[in-house]
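Here's a quick briefing to read with the model open beside you. Start with the overall makeup, then work down to the strand pairings.

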Amino acid sequence: MDWTPAPRRSSAMRREQNLALVGAVVSGAVIAGGLVLLLVARVNPDGAARMRGVMLDLTTPVWSVVRAPFDGAGRAISWAGDYLGAVSRNRAMEAELAEAKADLQRAAADRRALASLRKLDKVRDPARRVVATARIVSATSGSVVRSAMIAAGRGDGVGPGLPVIGADGLIGRTIEAGALSARVLLLTDPGSRVPVVVTRTGEAALAVGRNTPNLVMQDRVGADVPLMVGDTLVTSGDGGVFPPGIPVGMIISIGEPPQIRTAASPVGAGYVLVEAAYLPLPVVDAPPALDAPVPIEARQGKASPAKPQS
Amino acid sequence: MMNRNAPPWRLMDAAERRRYWWGHWRMGIPALSTLLLVLVMTAPLVVPVPVFPQLALLGVFVWSIFQPGLMPPWVAFLVGLVADLLFAQPLGVNATLFASAAGVVRVLENRYGHHAYNFDWGMAAAMVIVFEVLTWQLMALAGKPVPLLPLGWQVLTSIAAYPLVAAYCARIQRRAFGPDRAR
């Protein structure tokens with residue numbers, strides 16, 4: 001009578017098969033769920049904003065602690081370099097200072113003239129306002145999205161959609177904010193489009209990121225003056241996010257499309273300014289939709305001044 | 001269909017039950033070590049092209065070879081969700097791809113079990129290339145198209161980083177699940 005092991009093995013095998021089947025179904029469901037999430041993200045890109053903010057708040061402190069010793073070492077090196085090169089730099093700076101003083105006198109006269117002209121014309125300029133000064137904590141290079149984290153968040157008044165400006169020029173704009181930290185979309189991201197104007201010719205265009213070191217210039221508007229290598233680009237103030245006149249970059253090749261090297265790099269930016277959006281678009285209440293047909297008398301009564309009823 | 005290794009549940013008091021459940025903490029090690037790799041990928045290395053290797057994908061790949069039971073597709077999915085949140089990508093890009101990667105490895109392991117290290121490396125290389133191409137496609141599907149060519153840098157660095165990730169996971173594997181550990 002050797003029948004004992006057979007039933008047990010078959011039930012174990014059945015169990016294995018069932019488990020494998022359940023595993024395959026769960027795997028398929030999970031992958032399908034991921035694709036559904038993607039479609040949701042396409043329809044509603046701002047979903048999960050709070051969760052993103054929480055994740056930012058969790059990671060930013062880690063990197064600000066981890067990078068502190070490296071920052072210290074870098075500062076020591078640059079301090080030593082300052083001492084070694086002090087004399088030659090001092091001479092160069094004195095020469096520059098003399099030129100700058102002459103420029104400054106001319107600029108003061110221009111400023112007076114401009115102020116009086118504006119008074120005549122009643123030009124209204126929105127004021128720029130600094131929301132926060134923060135340091136760039138980290139910038140991801142492990143992802144297809146080019147972004148940096150800064151150590152200032154909703155607690156400091158930083159929300160999404162604010163311009164971020166470094167000492168040398170534009171860095172990017174904020175896209176997400178947690179309580180203590182915010183994420184900056186850098187100029188080099190493929191989703192970044194900055195309205196710029198060429199300072200020499202006044203031609204307007206968009207500076208578009210390509211996930212490469214340089215930006216490209218697209219959608220040029222206005223008189224077709226040929227570009228020159230070395231032309232500088234500043235923000236034009238169109239679109240209402242970036243204030244006008246902030247350096248964006250320099251043309252380094254005039255092929256098609258023209259390539260732009262960014263003025264500021266987030267590498268050595270250190271501290272950056274987060275400003276209020278230059279001219280945020282006003283929120284307009286949509287007029288209530290009227291489905292019901294309105295009688296002509298009622299419409300006329302609305303249009304003409306109401307007569308006293310009595 | 002009964003589990004013959006189940007503990008004598010009715011005979012245990014509360015403290016023993018707690019100890020029994022906490023004794024399973026090692027099951028979370030593959031997921032946690034992969035999450036650590038995700039966190040490392042947000043390191044402040046500021047290069048204007050995406051050059052940082054896809055450590056998280058390699059982590060999912062290696063763990064689903066070493067511990068297929070502890071890195072099933074749904075765990076890879078959760079790791080991918082965290083990666084999406086951390087990398088500011090649309091929710092679902094990495095989640096879908098990591099889960100698919102774990103599933104593909106499972107199929108490949110069933111097909112070609114017990115293979116050499118260089119075969120794994122080649123499989124990882126192929127997987128990274130497919131991953132980047134699908135990332136490009138899924139980003140376009142999610143409405144945020146990115147150019148494909150800069151992702152080539154990440155393919156190169158990821159293939160080069162495979163031995164590092166394999167050594168890291170193997171070290172954890174020996175420490176946590178090695179022969180001197182009773183499981």
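**Two chains at a glance**

Going along its sequence, chain B reads α-α-α-α-α-α-α, which is 7 helices and 0 strands. Chain A comes to 5 helices and 12 strands. Helices (H or I, at least four residues) and strands (E, at least two) are DSSP runs, numbered from the N terminus. This is a predicted model, where local features need pLDDT of at least 70, side-chain atom pairs count only at pLDDT 80 or more, and totals for chains, interfaces and linings use all residues. Residues are numbered from 1 along each chain as its sequence is written, chains are lettered from A and ligands numbered from 1 in the order in which they are written, and side-chain values use heavy atoms, with hydrogens and water left out.

**Burial, contacts and surface**

- In chain A, 33% of the 310 residues count as buried; for chain B, the figure is 48% of 183 residues. Buried here means under 20% relative accessible area, with exposed over 50% and partly exposed in between (1.4 Å probe, protein chains only).
- Take the contacts (heavy atoms within 4.5 Å) with a separation of 6 or more: residues 24 or more positions apart supply 57% of them in chain A and 69% in chain B.
- Chain A has an accessible surface of about 19,500 Å², 62% of it from carbon and sulfur atoms. For chain B, it's about 9,400 Å², with 68% from carbon and sulfur atoms. These areas come from the Shrake-Rupley method with a 1.4 Å probe; for residues, only the protein chains shown count as cover.

**A helix pair in chain B**

- Helix α2 (residues 29–41) of chain B packs against helix α7 (residues 151–177) of chain B at an angle of about 145°, and their axes sit 11 Å apart. Axes are lines fitted to C-alpha atoms, for helices over the stretch in contact, and angles run from 0 to 180 degrees between N-to-C directions.
- From α2(B), the residues involved are Ile29(B), Pro30(B), Ser33(B), Leu36(B), Leu37(B) and Met41(B), and they meet Gln154(B), Val165(B), Tyr168(B), Ile172(B), Ala176(B) and Phe177(B) of α7(B).

**Barrel one in chain A**

- Which strands close up in the order β1-β2-β5-β4-β3-β12? These 6 strands of chain A form a closed barrel with antiparallel pairing. The twist averages 40° from one strand to the next. Strands pair if DSSP finds at least two bridges between them.
- Strand β4 (residues 170–177) of chain A has 6 of its 8 residues buried, so it is largely enclosed by the rest of the structure.
- On one side, β4(A) pairs with strand β3 (residues 163–165) of chain A over 3 bridges, and Val164(A) stands opposite Gly172(A). The two strands make a hairpin with 4 residues between them, where Gly169(A) in the turn has a positive phi of about 155°.
- β4(A) is also joined by 5 bridges to strand β5 (residues 182–186) of chain A, running antiparallel. Thr174(A) has Val184(A) as its bridge partner, and a hairpin of 4 residues links the two strands.
- Strand β1 (residues 130–139) of chain A and strand β12 (residues 271–275) of chain A share 5 bridges, with Ala134(A) partnered by Val272(A).

**Barrel two in chain A**

- Another 6 strands close into a barrel, β6-β7-β8-β11-β10-β9 of chain A, with antiparallel pairing. Here the twist averages 45° from one strand to the next.
- Strand β6 (residues 193–198) of chain A joins strand β9 (residues 232–235) of chain A through 3 bridges, and Val198(A) has Leu233(A) as its bridge partner.
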